[in-house]
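Have the model open beside you as you read.

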Amino acid sequence: MSASSPIVIPPAYAHFVAQVSGAAGVTWVEQLPALLVELAQQWELQLGPAVTELSYNYVTAATCADGQAAMLKVGIPGHELQHEIDALQRYAGDGMVRLLAVDRDKGALLLERLLPGQMLATWPDDEEATRIAAGIMRQLWRPAPADHTFPTVADWAQGLARQRERFDGGVGPLPPRLFVEAEGYFRDLLAENHPPMLLHGDLHHYNILTAQRQPWLAIDPKGLVGDPGYELGAFFYNALPVALTAPELPQILARRIAIFAEELGFDRERICGWGIAQAVLSACWSIEDQGSGWEEVIIVGEALSALR
């Protein structure tokens, strides 16, 4: 698809953006085709097809004027996208996809295209995949800059308080015992005051891809500051190779915990605690954004609780 070709926005993507962003999202999607044409002209890009799994941002393949393969990512301008840009600039390609160009006002990022771009989710050996992820974590974590404006883990933890407010002090459809457990872990683990580190914020099997500069690179950083133990949580409830109700689930999670303890030097309680806390927080976000889609992550949270 060239920059001058008609650009069709997938209806499912338009519906999702409207669902999570309301009227502002509807307006943004209506203006998106013209914005994509404008960006293609601005950066001299030949636009290709959009990725098949769109969520909050629109992402499409692109080719630069010099033939370099790239990805164009466009989102509703706001704090979250600004934090991603800041994180990409801080990482400067170290363990992370490179940012080639940016237009903050338009919410647009031009990124290197990672080739062959195979997701870690497709890796057949779960144990090896967990070790690969641990290696990327070690590469990405670095002391938080003193002048940073990134959100902190404590900021994100307020999602549990919002859940309480939404349900008049209750927890809605979530299991009360697990919710209280997550609240306790957030309180206790945040009180440990580990040196704050710059984190990816959403590092899991779908955000680690094969590349040419090094075997694996991360994409889509949120930009977060806090205890690196928090980073492990998202990895537990992504890319599970069996049905969540299968008896193998506890064994898979236990193996991942053991590998993280070995590779990163964290104790088991810290790993499980952050896993439980983040599973419940993720469920709260799903309820906040969509009202559903929280069930699977809670199954993992319950399984982690049983493994403590």
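## Before we start

This is a predicted model, in which local features need pLDDT of at least 70, side-chain atom pairs count only at pLDDT 80 or more, and totals for chains, interfaces and linings use all residues. Residues are numbered from 1 along each chain as its sequence is written, and side-chain values use heavy atoms, leaving out hydrogens and water.

Helices here are DSSP runs (H or I, at least four residues), numbered from the N terminus. Axes are lines fitted to C-alpha atoms over the stretch in contact, with angles from 0 to 180 degrees between N-to-C directions.

## α8 with α9

Helix α8 (residues 268-289) and helix α9 (residues 295-307) have axes that come within 9 Å and cross at roughly 155°. The two are therefore roughly antiparallel (angles over 145 degrees). Their crossing is left-handed (the near helix is turned anticlockwise from the far one by less than a right angle).

Residues in contact (heavy atoms within 4.5 Å) include G275, I276 and A279 of α8, and V297, I298 and G301 of α9.

## α4 with α8

Helix α4 (residues 153-166) packs on α8 at about 55°, their axes 9 Å apart.

Among the contacting residues are W156, L160 and R162 from α4, with W274, L281 and E288 from α8.

Note on methods
Angles under 35 degrees count as roughly parallel, over 145 as roughly antiparallel, 65 to 115 as roughly perpendicular and the rest as oblique.
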